[in-house]
Structure formats: C-alpha cells, structure tokens
Amino acid sequence: MQAELNELLVQAENRYLQTEELVGFKSYAETLAQRLKIYEFLRDREIAIFQPIADQISSQFPHEKEERLEEILQQWILILRHSAMAMLLNDSEYLQQRVIEWLSGLVKAHNTQSIDTQIYQLLTTRLNELISPKATVFLQPFLEQIKTNLLEGGTEKS
C-alpha cells in the first residue's frame with residue numbers, strides 16, 4: 001500500500017485525484033485503526049504468543065539441538081514482526097523483500113522445513129486462540145504468503 005500511496009501523491013501534484021483513484025486509499029484508511037490495534041496486540045504479546053510454541057517445539061523435536069530450535073524460533077519471531085508490519089502497511093511486497101527472499105535460502109540450506117512447518121502450524125493455531133476472526137482477516141494473507149513461498153516453495157531432503 002505504501003507504494004500505491006506514494007503513486008497517488010505523485011499523481012496529485014498538479015490535480016485532484018479522481019474518485020476511482022481514491023477507492024484504495026479510502027479502504028486502507030478505513031481499516032488503518034484496526035490494523036494498528038492488531039499490530040500493537042502482536043507487539044505487546046509476543047512472548048505470550050511464542051512461549052507455548054517454544055515449549056511444544058522442544059518436546060516435538062527432542063533430538064534437535066536446543067540452540068538450533070532457538071535460532072529457528074528467533075527467525076519466526078522476525079517473520080511475525082515483519083508480517084505484522086506488512087499487514088500494517090497492507091504491502092505484500094514488503095514481506096517478500098524483507099523476509100521471504102533471504103529466509104527461503106536458509107530454510108533450504110539448513111533443511112529446517114519440517115520444524116518451520118510445525119512452527120507455522122502452531123503459530124496460526126496460537127494466533128487463532130488470541131485474536132478474533134475479524135482481526136485474523138487482516139493478518140492471514142501475509143501468513144499465507146509466508147506459507148506459500150517459504151514452506152511450500154522449498155524442498156525438504158530426507
């Protein structure tokens with residue numbers, strides 16, 4: 001949305017924007033307060049979101065080194081932070097450039113797709129417990145983008 005807003009500002013330099021040009025801007029503005037509340041909720045409850053996930057991952061992958069699991073969890077904390085920012089901006093390109101491009105190589109290189117997939121499932125379950133379905137609508141497209149590009153786009157070696 002940020003790129004779209006910038007484009008609107010450029011177009012508005014010498015004229016008023018047309019009605020159809022304002023539709024996307026109006027839609028974004030109407031949902032901005034909700035997006036801000038969701039962003040703040042995620043920011044303020046990050047530990048409450050991830051602690052149960054960390055506990056479950058440790059028990060589900062008992063043969064993995066604790067340091068490796070912690071590193072993967074830290075990556076998922078960053079993924080959620082960037083997903084929250086992408087949701088706030090309503091900008092999937094932000095998420096693509098900031099997370100997916102660099103992290104997809106790590107997942108493949110370190111062969112962590114099974115752990116990442118489990119964390120994704122636990123995270124979506126946890127978020128569904130903590131935020132309303134109405135709020136989930138705003139965040140879910142960005143989590144789906146992560147799933148599609150990071151988890152389903154890679155290949156796991158056995």
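How many cavities of 30 Å³ or more does the structure hold?

Analyst: The structure holds one cavity of 30 Å³ or more. Two notes come before the details. This is a predicted model, where local features need pLDDT of at least 70, side-chain atom pairs count only at pLDDT 80 or more, and totals for chains, interfaces and linings use all residues. Residues are numbered from 1 along each chain as its sequence is written, and side-chain values use heavy atoms, with hydrogens and water left out.

The cavity search runs on a 1 Å grid over the protein atoms alone; a cavity is a set of points where a 1.4 Å probe fits but cannot get out. Grid points are joined across faces, edges and corners, and a volume is the space filled by probe spheres set on the points. On these terms the largest cavity contains about 40 Å³ of space. Its lining consists of Thr124, Leu127, Asn128, Ile131, Thr136, Leu139, Gln140 and Leu143. A lining residue has an atom within 4 Å of a point. Helix H6 (113-130) and H7 are the elements that give two or more residues to this lining. H7 gives the most, with four residues. By class, the cavity lining has four nonpolar, four polar and no charged residues. Here Ala, Val, Leu, Ile, Met, Phe, Trp, Tyr, Cys and Pro count as nonpolar, Asp, Glu, Lys and Arg as charged, and the others, Gly among them, as polar.

H7 also meets H2. The axes of helix H2 (residues 19-44) and helix H7 (residues 133-151) come within 10 Å and cross at roughly 90°. Axes are lines fitted to C-alpha atoms, for helices over the stretch in contact, and angles run from 0 to 180 degrees between N-to-C directions. H2 and H7 are therefore roughly perpendicular to each other; that label covers 65 to 115 degrees. On the H2 side, Thr31, Gln34, Arg35, Ile38 and Leu42 take part; on the H7 side, Lys134, Ala135, Phe138 and Leu139. Contact means heavy atoms within 4.5 Å. The H2 contact with H7 has five nonpolar, two polar and two charged residues. Leu139 belongs to this contact and also to the cavity lining.

Now the open space. A pocket is an open set of points with protein on both sides within 12 Å along at least five of seven lines. The largest pocket has a volume of about 180 Å³. Lining it are Glu46, Ile47, Phe50, Gln51, Ala54, Glu70, Leu73, Gln74 and Ile77. The largest share, five residues, comes from H3. The pocket lining has five nonpolar, two polar and two charged residues.

Glu46 of that lining also forms a salt bridge with Arg81, the closest N and O atoms being 2.7 Å apart. This pair links distant parts of the chain: Arg81 in helix H4 and Glu46 in helix H3, 35 residues apart. A salt bridge is a side-chain nitrogen of Lys or Arg within 4 Å of a carboxyl oxygen of Asp or Glu. The count by this rule is five.

As for the setting, the chain has seven helices and zero strands. Helices (H or I, at least four residues) and strands (E, at least two) are DSSP runs, numbered from the N terminus. The C-alpha atoms fill a box of roughly 65 × 30 × 20 Å, taken along the principal axes.

How values were computed. Angles under 35 degrees count as roughly parallel, over 145 as roughly antiparallel, 65 to 115 as roughly perpendicular and the rest as oblique.
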